[in-house]
Amino acid sequence: MKLTYPEKLVKESRDRLNYEEKEEFNWKEKIKSKKGWYQVGMEFVMNWQMVWKEIVVGFTVAGV
């Protein structure tokens, strides 16, 4: 079990998740900054890329 469950990696991942959960989201500040608009744009692009991949795979599987 120790070979497949690296405790150091799990601890680092949990610490990173806890840190991200503590970050407070203030949309009023984000909307006023260029960085905030950039984050919104990137999120939009990534979501549409994911949707198109799912559509393409779905039609490919359905067509076979």
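Trp48 counts as partly exposed, with a relative accessibility of 43%; buried means under 20% relative accessible area, exposed over 50%, and partly exposed in between (1.4 Å probe, protein chains only). This is a predicted model, in which local features need pLDDT of at least 70 and side-chain atom pairs count only at pLDDT 80 or more, while totals for chains, interfaces and linings use all residues. Residues are numbered from 1 along each chain as its sequence is written, and side-chain values use heavy atoms, with hydrogens and water left out.

Me: Which pattern does the protein follow along the sequence?
Reply: Read in sequence order, the pattern is α-α-α.

Me: In which helix is confidence highest?
Reply: The mean pLDDT (the predictor's confidence in each residue, from 0 to 100) is 81 for the protein, and 83% of its residues reach 70 or more. Confidence is lowest in H1, at a mean of 74. The highest mean, 90, belongs to H3.

Me: What is the distance between the closest N and O atoms of Lys11 and Asp15?
Reply: Lys11 and Asp15 lie four residues apart in helix H1 (residues 7–22), so about one helical turn separates them. Lys11 is exposed at 53% relative accessibility, whereas Asp15 is partly exposed at 40%. They form a salt bridge, defined as a side-chain nitrogen of Lys or Arg within 4 Å of a carboxyl oxygen of Asp or Glu. The closest N and O atoms are separated by 3.0 Å.

Me: How are the rings of Phe44 and Trp48 arranged: stacked, tilted or edge-to-face?
Reply: The structure holds one aromatic pair, formed by Phe44 and Trp48 with 6.4 Å centre to centre and 65° between the planes. Rings of Phe, Tyr and Trp (its six-membered ring) pair if their centres lie within 6.5 Å; planes under 30 degrees apart are stacked, over 60 edge-to-face, and the rest tilted. Both residues lie in helix H3 (residues 34–63), four residues apart. The arrangement is therefore edge-to-face.

Me: What accessible area does the nonpolar patch have together?
Reply: Among the patch residues are Phe44, Trp48, Trp52 and Phe59. Patches take residues with over 30% relative accessible area and no salt bridge, joining like charges within 9 Å and nonpolar side chains (Val, Leu, Ile, Met, Phe, Trp, Tyr) within 5 Å. Phe44 qualifies on accessibility because its value is 54%. By the Shrake-Rupley method with a 1.4 Å probe, only the protein chains shown counting as cover for residues, the patch has about 810 Å².

Notes: Helices (H or I, at least four residues) and strands (E, at least two) are DSSP runs, numbered from the N terminus.
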